[in-house]
Amino acid sequence: MNMKRLNIIFALFFLFALNACNDDFLNTQPQTEISADVLWKENALAEAYMYDIYFTFQDAGFTEELQASATDEALFTHGREFRETNAGAVTDVNLGWFSKTQSGHQWERMYKNIRSCNDFIENVDNAEFDQRYKTQLKGEAYFLRAYFFHRLTRGFGGIPLQLKLTQITDDDFKLPRSSYNDCIDQILSDIDNAAELLKDRTFANTQKGRATLAAVLALKVRVLTDAASDLHDEATATAKVPLFASYPNKELIFYTKGSREDRWRAAKNAARALMDNPLGHGLSTYGGEGLSVEDKAQAIWDFFTKESEESIFSRYFIDTKDESGTKMPLFNGPSGYHAWGGNTPVQDLVDAYAMEDGSKFDWNNPAHKAAPYKNREPRFYASIMYDGMKWIQRPADYAVNDPTGTIQTGYYQTDPAQSKDAYYAGMDTRTGGGENWNATYTGYYLKKFISPANGDHRNKINCLFPFIRYTEVVMCYVEACIGLNELDEARTYLNILRRRTGLPDVTTNDKAELTKIYQNERRLELLFEEHRYWDVRRWLLGNESLGLNSLQGVEVIATLKPGVGKQERYEHDESRWDYTYTVIPVIQEKRAWVDKCYFLPIHRDEMNRNSELKQNPGYGD
């Protein structure tokens, strides 16, 4: 055994065990260290070590600073490293937001846990406890190593494939980056090993938060879909991105195994295999058919506040722990509710939601401009908080100004004698009566995932972050079918997804148009689930995305209708006020796409530690 001592925090046990299958894990007494020669004698100790690897997902996607704010979904109200990330100002000494632990993609953090996975793969077979524990733990180690390797390849392309429990004194400690081909091959090999070892592990018989066969197979779908995408196709990427054409180490970023058709076929087959045998999972119907827009929106919002048949691999948060996921309502709720308004939707995202009839929203349409929040598709109402939206009762100290519990992100005339600069500032604005330093700059707040406990955003909640859910598998199937020009099949499953959200069927036979519709569906369906950052890159949409190159919000102004006198208090009422909505630039963050940002740079410290490494395009040697 190469490792002499292992730091294992037993108190982490129940972080992944909400409603656990085995309550014994919740009752284990905390310790801080355990020697390696004891580790493999008891399954409880080995499982504690495995839980420490799972703790790589400490924050999951529910941090104070969401990945959504590093792309065209949101603006982080409080600035910080997002400013560098979104301005394309990342360098090999400043990776912006991705240098932070909250990102979950740190090079050092990933390799630390890959090393622990290697420890299991090398040593668990010789453990002294029952074979069933050894089989599951080794399968989890292969799955997690594949997951971590894939996280690294998404950010950096080809990476060093550390496959054994290497020490810093070993001759091969300094590994060069492997080709992207070899990295994908290794990830798929780990996935195959995990699938064999976890073939009997289902959601029904496995402790929540741990890997199952469905999670393994769904990860395979994601890996193959990424590999088949434009970003990793040399002909496509070099034609669109001149920086790639001049990069001397193309093997680090491009996938050259087989033809483009072969790659899409592999992705399609992987998705189809899980769809044909979903292992207890399936698509949610979001409340079923025949619902009103209001009821459908409620059903969709409810879906994201609890576990469902779509949950394939998730991180569970419980309100008895002081963890980031339990504070989503506090981190992102409106400022007029004593919340921090952290990651606020941007106008580009809001405009991507269709009208109720499936047509596109358009500010140039007078009817749309006059009432932009009316007659929209259900997902809009399930995901976005906007001016005039009925929410929950405000805390007592703020309910004095707004007893109606309605979102106020506008400025409202309360006396016909008032000039515009004297209008009443809504409770959720940056000059209003709430915690205005936490208020939105864009005019919106996030609603998806925000479910305040006992009606107060300051209370912690029980929730889960969906790393992988079944919808993604079906989405990838649609994408692969489009890539194979199997447009009838693509439309069939895209329409299945659309119908459950209340949208009409797609009928186009044009591949380019169908691709755009699919990409928008994926954007809205997987909103704030840490997909968009990677999707815009693998689709090579950096220059085309409005929200990556500019930043906009909305200004809401309400003026009293003619003949309406002075009002003692403002409340949203179209019979007394006329409302105007104007798209405005948001200057708190400068956004500009730079092609080097298709990949992250390897930090200079890592380059100095390992002279075998080669840097990514656009960041120098």
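Trainee: How do you know that the span of helix α6 (residues 180-197) agrees with its 18 residues?

Mentor: The expected span is 1.5 Å times one less than the number of residues. For α6 that should be 26 Å, and its end C-alpha atoms are 26 Å apart, so the two agree. Bear in mind that this is a predicted model, where local features need pLDDT of at least 70, side-chain atom pairs count only at pLDDT 80 or more, and totals for chains, interfaces and linings use all residues. Residues are numbered from 1 along each chain as its sequence is written, and side-chain values use heavy atoms, with hydrogens and water left out.

Trainee: Which residues of α6 are called buried?

Mentor: Buried means under 20% relative accessible area (1.4 Å probe, protein chains only). Among them are Tyr180, Cys183, Ile187 and Ala195. The buried residues of α6 pack against α5 (131-156) and α7 (213-228), where contact means heavy atoms within 4.5 Å. Across the protein, buried residues make up 61% of the 621.

Trainee: Why does the radius of gyration agree with a compact globule?

Mentor: The rule, taken over C-alpha atoms, is 2.2 Å times the number of residues to the power 0.38. With 621 residues that gives a value near 25 Å, and the protein has 25 Å, so it agrees. Its C-alpha atoms fill a box of roughly 85 × 55 × 50 Å along the principal axes.

Methods
Buried < 20%, exposed > 50% of the residue type's maximum accessible area, 1.4 Å probe, protein only. Helix = DSSP H or I, 4+ residues; strand = E, 2+ residues; numbered from the N terminus.
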